[in-house]
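Please open the structure in your viewer and keep the selection tool at hand.

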Amino acid sequence: MSSGCGPLLALPQGDTRPLRQQVFEQVRANGQMPRMDVARKLNISPGSVTTITSDLIARGLLQEVEDSQRGPSRGRPPIALRVAPQSRFVVGMKLSDERHTAVLLDLAGTIIAEAHVASASLRQSTEDMLSEVSSLMDRLLQKSGRVMSDISAVGIGLPGLVDASLGIVKWSPVMLDTDMPLRDLLSKTLGLPVSLDNDTNLLTLAELWFGAGRGISNFAVVTIERGVGMGLVLNNRLFRGALGPGMELGHTKVQLDGALCRCGQRGCLEAYVADYAIIREAGTAFERDPRAESSAVSMIETLYDEANAGNEAALAIFNRAGRFLSVGLANIVQLFDPERIILSGERMRYDYLNVDDVLSEMNSMILPAGRAPTPVDIHAWGGSVWAKGAAALALSDVTDALLGENAA
């Protein structure tokens, strides 16, 4: 049985979405749910739930199932509701400098298929990016046995400054072009509705929809890979800021006139913590050409092995990065006071930033507030979770189109 997907907590100060959408999303978030439980959760009458769910069943969006969460009972088996999974499908994609990843999800949020294609270069023209996205979609459909007409919407994430409302990539480390209306170009290429966002925002959505953030109202997600990203959920909603680019933690300044960042400025946090910063340090310490290795991943793994073997230079590189990270985390706590910080992403499986030392130093820089320190979780997600967050964006769009205020 599905454990559900989507935020479990209600929106604050009343939910303005249509009641039919609230009912549907309540069922999806819980996996399956009896009508009486829906009525209690939303504080509405059982009769209203019956009317709404009858319509959703008739539309093929919900279906009745035997309530497996309740024990055996005499007479008629108890009945629950669940999302009709095969009624709609969405695709989520993560675009990066090494490989692009895609997942196909049904309307209940279950992964049906995954696919990957290698990126031809670290930075690409818009034309090449569109071509690789098209190839990735073809591979995903082939693996899933689906066709393009089966797909209702696509969500896509990539690193950089992305205006999600306009679908414009202002700047990205994986693209040569700037100020590109990439969402509209992707939609034209695929022939489908497309939503576009910064990849860390979408990883944050993955935590909100599928991970530790499902039951938390306010939390921050920090990623450390090629760059340093941050996503923020306030009152159960992704916060993008006034202009849309989101929380660029990696480009907050931690050292005036400091190390050169790939954005062109100096002293950014990611210039001390991200993959390329650690590799740059390693090249100097070990007198090696940082371009000699096949990929950033293999270079980090080699350095990690050196540190575990007691190499003092390797340990010093990671310790320095960890101290700068603690500054960034302390700033998050002081600015936003989140219930939790989640360190997320594939690199977290290495634990190379000596988390205990990082957290200790982080807490030493936070003003005491008469409460326990902010919890920090570590999630060593694989690459597909970024695409899964992009699929959550597409699921949200499809739900709004089907049941939202402007739906038919």
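Two strands are said to pair if DSSP finds at least two bridges between them. The model shown here is predicted.

Begin by selecting the five strands of the open sheet, which lie in the order E5-E4-E3-E6-E9 with mixed pairing. Strand E5 (111–118) and strand E9 (194–198) stand at the edges; each has a single partner strand, so one side of each is left without a neighbour in the sheet. From one strand to the next, the twist averages 15°.

Next, select E3 and E4, which run antiparallel and are joined by six bridges. Within this pair, Val91 stands opposite Leu104 in E4. The two strands form a hairpin, with four residues between them. Colour E4 by burial: seven of its eight residues are buried.

Continue from E4 to E5, an antiparallel pair joined by seven bridges. Here Leu105 has Ile111 in E5 as its bridge partner. E4 and E5 also form a hairpin with four residues between them, and Gly109 in the turn has a positive phi of about 90°.

Select Val90 to find Ala153 of E6 opposite.

Finally, display the helices that pack on the sheet. Helix H4 (residues 126–144) touches E3, E4, E5 and E6, and its direction makes about 140° with that of E5. Helix H6 (residues 199–210) touches E3, E4, E6 and E9, and its direction makes about 105° with that of E9.

How values were computed. Residues are numbered from 1 along each chain as its sequence is written. This is a predicted model: local features need pLDDT of at least 70, side-chain atom pairs count only at pLDDT 80 or more; totals for chains, interfaces and linings use all residues. Side-chain values use heavy atoms; hydrogens and water are left out. Axes are lines fitted to C-alpha atoms, for helices over the stretch in contact, and angles run from 0 to 180 degrees between N-to-C directions. Contact means heavy atoms within 4.5 Å. Buried means under 20% relative accessible area, exposed over 50%, partly exposed in between (1.4 Å probe, protein chains only).
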